[in-house]
Amino acid sequence: MKHILKLHINGEEYEVLTEIHKTLLEVLREDLGLTGTKRGCDLGTCGACTVLIEGRPYLSCLTLAVDVQGKKILTIEGLEKDGELHPLQKAFAEKGAIQCGFCTPGMILTAKAFLEEQPHPSEGEVKKAIAGNLCRCTGYVKIVEAILSVTDRSSEFGVGSSES
Amino acid sequence: MRLPQFEYVEPKTLKEASKLLASDKGSLLLAGGTDLIVNMKHRVIQPKQVINLKAIPKLAYITEGKDGLRIGTLSILRDIASSPLIKERYPTLGQAVREVGAYAHQSMGTLGGNLCQGNRCRFYNQSAFWRGVRPPCFKTGGKVCYVVPVRPSGGPKSKECHSAYCGDLAPVLIALDAQIKILGPEGERSLPLKKLYTHNGKKPLALKKGEILKEILVPPASGKTLYLKWRLRDSLEFPIISLALHMEKDEKERIKKAKIVFSAVGGGPVEVIEAGKMLKNGLLDEQMIEKVSNQAVKEISPMRTSIHSPAYKRKMAGILLRQALEEISSESLIRSNSTL
Amino acid sequence: MNKLNVVGKREPMLDALEKATGRAKFTDDLTLPGMLFGKILRSPHPHAKVLHVDLSGALKVKGVKGAICGKDIPKKKYGIVPMAKDEYALAIDKVRYIGDEVAAVVATSIDAAEEAISRIRVDYEVLPAVFDPLVAMKPGAPVIHEEVPNNISASIRKEFGHVERALSESDFIFEDPFDTQAVNHCPLEPQAAIGMADHSGKVTLWSSTQIPFFLRRNLATTLDIPESKVRIIKPKVGGGFGQKIDLYAKDFCAAFFAIKTKKPVKFVYEREEVFTCTRQRHPMHIQLKTGMKKDGTILAQQFKVVADGGAYNSTAPLMITLACYFIMLPYRLENLLFEGYHVYTNKPVGGAMRGHGIPQVRFAVEAQLDMIAEKMGIDPLELRLKNAFLAGEPHPAKLLVQSCGFSDTLIKAAEGIGWKEKKGKLPFGRGVGLAGASFPSGVSNMSHISSGAVLKIERDGSITLLTGAADIGQGAETVISQIAAEEMGVLLEDIRITAADTEITPLDPGTFGSGVTLRAGNAAKMAAQVAKEKLFEAVAEKLEVDIHQLEARDRRIYLKNQPEKGLSLKEAIKFYQYSDRPMPIIGRGSYLPPAKEPTTLLKEDGNFSPAYSFMTQAAEVEVDTATGKVKVINMVAAHDCGRAINPMLVEGQLEGSVVGGMGQALYEDVRTEKGQVLNPSFLDYGLPTAMEAPSISSVEVETDDPEGPFGAKESGEGTQLAPAPAIINAIYDAIGVRFKSLPVTPDKVLEALSQKEQKKPNTKHQ
């Protein structure tokens with residue numbers, strides 16, 4: 001039987017008619033067409049499905065959609081504001097931290113949540129924070145670089161060091 | 001991998017949740033979901049009803065009083081780790097939290113959920129297709145345990161489930177003599193956390209019908225505590241083996257009290273009691289460390305519940321304990337974990 | 001030659017921001033109206049006859065629109081190598097590994113499809129199975145494919161020079177066994193496909209694939225329809241590493257059902273299926289015998305290799321052949337005898353994986369070289385330098401090596417890791433090691449390796465580029481665009497690239513064999529040249545100069561000697577158009593690597609790759625001797641890729657490869673028991689997380705290959721050959737233990753250390 005769920009995603013209210021047993025990942029991708037959040041393993045072991053709920057990283061493949069009604073959900077699609085990219089998005093692109101791009105949405109959101117928790121982390125702390133976001137392409141080097149580069153930039157982006 | 005269908009309820013009080021849990025045989029509790037949802041996708045459990053505890057207010061708190069530290073069981077793991085109180089007074093607990101899974105698991109997971117996590121076994125924590133290669137095991141309603149190999153002589157096969165308890169927090173809390181407060185249909189009761197675990201793979205928690213964990217009470221901080229987790233990669237994985245070590249010394253550096261609790265070597269967290277007793281009234285020197293480590297290994301019976309052999313677990317138990325004892329006996333004990 | 005303008009620049013990938021905003025569409029992100037969802041039923045037995053498949057239960061499930069099994073499909077075998085076709089999309093009479101496809105359903109929801117799968121009843125007759133290739137090769141072993149009674153589905157016995165004589169002339173002979181494990185590619189995006197058919201029965205398939213054109217061919221064969229009725233479109237692909245080269249059941253079923261149901265059909269694999277039912281790196285048993293002269297010259301090598309192929313061939317003959325030929329570089333080796341076998345077992349299937357058979361043998365060679373160096377009292381770096389192949393040298397296997405920076409890579413990698421200061425000098429538990437390798441830039445095999453490109457100069461000065469190349473995340477489209485932009489004299493942002501649609505874009509061999517930059521890059525360059533010349537003709541007329549005096553750069557066309565005299569690109573186009581020359585301005589390019597004979601690697605000698613890359617990697621490791629845990633602290637990867645078209649993307653390839661190689665050395669292992677994978681999830685399979693990642697420095701050695709576009713050679717696969725042996729060699733420097741089998745897990749280290757304690761101090765071998 002289907003129910004109406006009220007979900008607050010990227011600053012907008014959505015009403016979805018869907019089944020209770022659907023995960024947030026399924027609702028995002030299948031009911032709402034928000035395909036930026038990816039399914040890498042469906043069992044919470046790769047981080048590709050990471051979204052932010054009330055600013056915290058959640059594995060949407062292990063989250064029931066019905067469970068997060070009324071909570072502020074942020075997916076990768078919601079990161080851009082009025083055409084302005086988030087500094088992390090820019091840094092990832094500029095620093096070559098994106099290859100196939102599949103892990104990227106989850107990775108960026110995790111990094112965002114972490115930097116808000118800890119604005120000036122060490123390299124080791126960044127690695128620990130993203131350890132649950134698996135990447136097979138990059139070897140993580142440029143990802144860590146990109147995340148650290150954003151911490152150097154204070155609140156302004158665009159003022160990056162010229163390519164190292 | 002889709003979830004099976006189920007009824008979903010959001011009780012507003014713990015009492016209500018307890019009643020729901022007691023009334024229906026096929027109900028299970030949902031806290032963070034990182035354990036339950038995976039098991040449901042694997043179809044090792046298919047509850048008729050899922051009771052979401054997160055709508056119940058006032059179950060997430062971290063406070064300290066005269067009798068010690070109180071943590072509500074719906075406290076989010078990450079909040080426990082970043083609590084200034086925990087960082088200052090019970091840092092090892094925070095450190096253990098930071099070893100659970102990875103960042104997102106800690107954001108979603110709760111103390112209660114972590115304590116009550118399902119036992120694990122390489123034949124159990126697999127998809128329905130994977131398990132379909134052989135008849136079901138005890139834990140999934142079948143008649144056999146694949147962990148215990150059939151002896152060629154045709155000797156007795158195991159009649160019990162040998163799945164292992166692999167949680168990170170229980171060993172630390174047990175080492176700290178934590179008490180757990182439980183609410184059930186008949187009211188509240190308290191018992192030492194250690195007694196929550198039956199060591200029975202099929203029914204690992206000593207909870208009566210409808211009972212729900214409410215609060216953990218940890219006696220006031222004293223002595224030193226360590227948690228060492230051993231796994232192949234430094235994140236994500238459950239422990240191959242892990243241990244919590246708690247020690248209190250008197251003014252003369254003699255050990256007043258010692259507790260050593262292992263994870264992933266039995267059906268519940270395993271306290272190696274004799275090894276702990278050996279330490280009492282002794283001095284922590286090279287000889288003692290060797291003796292205690294050897295004794296501890298004797299007191300555990302790991303089974304082949306993961307791809308790692310019991311012999312390897314035993315070996316690592318001795319090595320880890322030795323490391324822990326050496327570390328705890330050295331001057332600067334605590335690795336700075338305030339920013340992990 | 002003028003300094004390059006676009007090539008050589010660190011440009012972000014063209015679609016980086018698309019990916020960073022979640023807009024990039026991978027196959028599973030696509031939806032078509034009325035789309036059905038498919039699931040596959042797989043065998044729970046490693047070896048069994050399929051007696052009967054009862055689909056009736058599935059068809060009764062609400063929402064199910066179709067169910068098929070082997071008897072419903074054309075009996076057309078397929079395989080990625082035409083001469084080694086041995087697979088059906090669904091089992092016709094037998095299943096040969098746990099996970100082999102037996103039936104498929106489609107339904108209006110994934111839930112219904114999963115439910116339906118569980119309702120299918122299959123009667124099997126279980127057959128004895130064999131899991132060890134060494135056992136499978138012996139007489140009396142269960143026969144897995146009737147046509148291959150000894151289970152050896154591909155083999156090679158190849159001799160260069162005279163090995164027996166060379167060995168008898170050797171001053172030292174070393175003989176060692178090596179073992180490597182099964183490794184999974186683990187692309188983050190699982191395999192997926194969407195099929196759609198039109199009323200004429202023409203199928204369009206969106207597929208997460210590395211080779212649209214091969215897929216088209218194989219799909220047409222298995223569907224028993226002409227190739228012209230199949231169109232393959234490649235959306236964004238979330239990694240491949242070789243695992244998305246083959247046709248899979250999901251491709252076939254999506255297409256088949258699309259035709260049958262007249263609706264779009266989507267199949268997406270679960271992670272467990274990716275781990276168990278796609279492809280993996282072949283585990284190998286390697287016996288290596290090396291003859292050395294006392295001055296350190298490698299005289300001869302003799303190999304016996306048994307590759308565990310799993311239940312089907314995939315790239316079997318190619319893999320075993322590559323493993324053989326690539327012993328011949330990067331060292332000078334006049335005498336090689338290689339005996340290799342690809343053996344069927346009732347286990348997951350081996351296929352092409354980054355390096356394709358070469359990493360395993362390279363591990364053996366490089367690990368042994370260090371043992372040899374020690375025994376002979378020569379520094380491992382010196383030993384390698386002494387034997388290093390040089391550009392232009394005549395090659396015993398007739399390989400044409402026109403550029404070779406191997407010695408440079410050796411020196412630079414050693415420098416980077418601090419070889420002189422550290423080797424043999426670090427405290428116990430810490431050590432450095434290095435390893436060298438070489439890789440072809442696009443193997444000329446199977447005679448299907450032409451690449452084409454079409455370039456169109458638009459009226460507004462932008463450039464439309466059509467290429468068949470498949471970008472799977474490595475940045476192929478960006479690199480090819482850079483090459484085209486450089487040739488055309490425009491900026492990267494002017495290029496609009498459309499790729500990997502078999503209907504629209506020209507033929508390309510696909511992303512394998514590390515040849516995309518070289519093949520597709522060259523094709524794009526040629527196409528740009530042709531289009532440019534047409535424009536030059538017009539400009540030459542207007543400026544009244546000779547066409548050869550013109551140059552294009554920065555959106556201008558001007559006289560080489562008088563740069564002020566020229567036109568902007570837009571002006572040139574306008575003039576072209578108004579001079580009544582036919583529009584559009586198009587150039588076509590078609591590149592075929594120049595082999596002297598049309599070398600099919602499997603049958604003839606000769607140069608089989610247009611160019612060869614060379615690399616050395618050096619590792620510094622730290623071993624915790626109490627627990628056996630090995631941590632890679634630092635890796636220096638020195639790579640001769642000719643010229644880095646995009647240094648940032650090359651680094652990305654190096655870094656990713658290094659961590660992948662490290663995974664193979666220390667963490668990854670597809671464990672099976674009686675044919676069943678025990679750890680088919682990221683939880684238990686040791687894919688390195690960010691915590692394991694070492695710091696990595698990349699050093700590019702530019703040798704400007706004459707065949708490569710702007711001198712470029714490969715940098716995508718060769719980089720995964722050296723990390724594992726470099727790490728293993730570093731472990732020896734750290735704790736004095738040699739490992740000959742992968743992965744080197746902490747328990748193996750502890751075991752070896754304790755054995756070392758018990759033995760005499762100067763024993764070399766375990």
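How many salt bridges does the rule find across the interface of chain A and chain B? I looked this up at the outset and noted six. The model I am working from is a predicted one.

**Entry 1: chain A against chain B**

I listed the contacts and got 32 residues on chain A and 33 residues on chain B. I then took the buried area, which is about 2,800 Å² between the two chains, with 57% of it on carbon and sulfur atoms. Three residues, A:His21, A:Leu62 and A:Lys128, supply 22% of the area that chain A buries against chain B, more than any other three residues.

I picked out one of the six salt bridges. It pairs A:Asp67 with B:Lys54, and the closest N and O atoms are 2.5 Å apart. For polar contacts between chain A and chain B I noted 13 residue pairs, with both residues at pLDDT 80 or more. On the chain A side, H1, strand S4 (56–59), H3 and H4 each supply at least two residues that touch chain B. I sorted that side by class and found 14 nonpolar, eight polar and 10 charged residues.

**Entry 2: chain A against chain C**

I turned to the other partner of chain A on my list. Here 44 residues of chain A are in contact with 53 residues of chain C. The size of an interface is often given as the accessible area lost when the parts come together, so I looked up that value as well. Chain A and chain C bury about 3,800 Å² between them, and carbon and sulfur atoms carry 60% of it.

The rule finds eight salt bridges across this interface. I noted one between the side chains of A:Arg39 and C:Asp28, at 3.1 Å from N to O. The polar contacts between chain A and chain C come to 19 residue pairs, both residues being at pLDDT 80 or more.

Which helices of chain A each supply at least two residues of the side that touches chain C? I wrote down helix H1 (24–31), helix H2 (87–94), helix H3 (104–117), helix H4 (123–129) and helix H5 (141–152). By class, the residues on this side of chain A are 17 nonpolar, 13 polar and 14 charged. H1, H3 and H4 are also in my note on the side of chain A that touches chain B.

**Entry 3: inside chain C**

I next checked how chain C is divided. The domain assignment gives domain 1 (16–22 + 450–591), domain 2 (31–127 + 188–239 + 244–277) and domain 3 (280–444 + 598–758). I followed up domain 1 and domain 2, whose centres, taken over C-alpha atoms, are 39 Å apart. Their contact takes 21 residues from domain 1 and 18 residues from domain 2.

How much area is buried between domain 1 and domain 2 of chain C? I noted about 1,500 Å², of which carbon and sulfur atoms give 57%. C:Ile472, C:Thr502 and C:Glu503 supply 39% of the area that domain 1 buries against domain 2, more than any other three residues.

C:Glu503 came up again when I went through the salt bridges: C:Glu503 pairs with C:Lys202, with the closest N and O atoms 2.3 Å apart. The side of domain 1 that touches domain 2 divides into eight nonpolar, six polar and seven charged residues.

Key. Residues numbered from 1 in each chain as written. Chains lettered and ligands numbered in written order. Predicted model: local features only at pLDDT ≥ 70, side-chain atom pairs only at ≥ 80, totals over all residues. Heavy atoms only, no water. Contact = heavy atoms within 4.5 Å. Buried area = accessible area lost by both parts, 1.4 Å probe. Salt bridge = Lys/Arg side-chain N within 4 Å of Asp/Glu carboxyl O. Polar contact = N/O pair within 3.5 Å; in protein donor to acceptor, adjacent residues only side chain to side chain. Helix = DSSP H or I, 4+ residues; strand = E, 2+ residues; numbered from the N terminus. Nonpolar A, V, L, I, M, F, W, Y, C, P; charged D, E, K, R; others polar. Domains from an automatic or database assignment.
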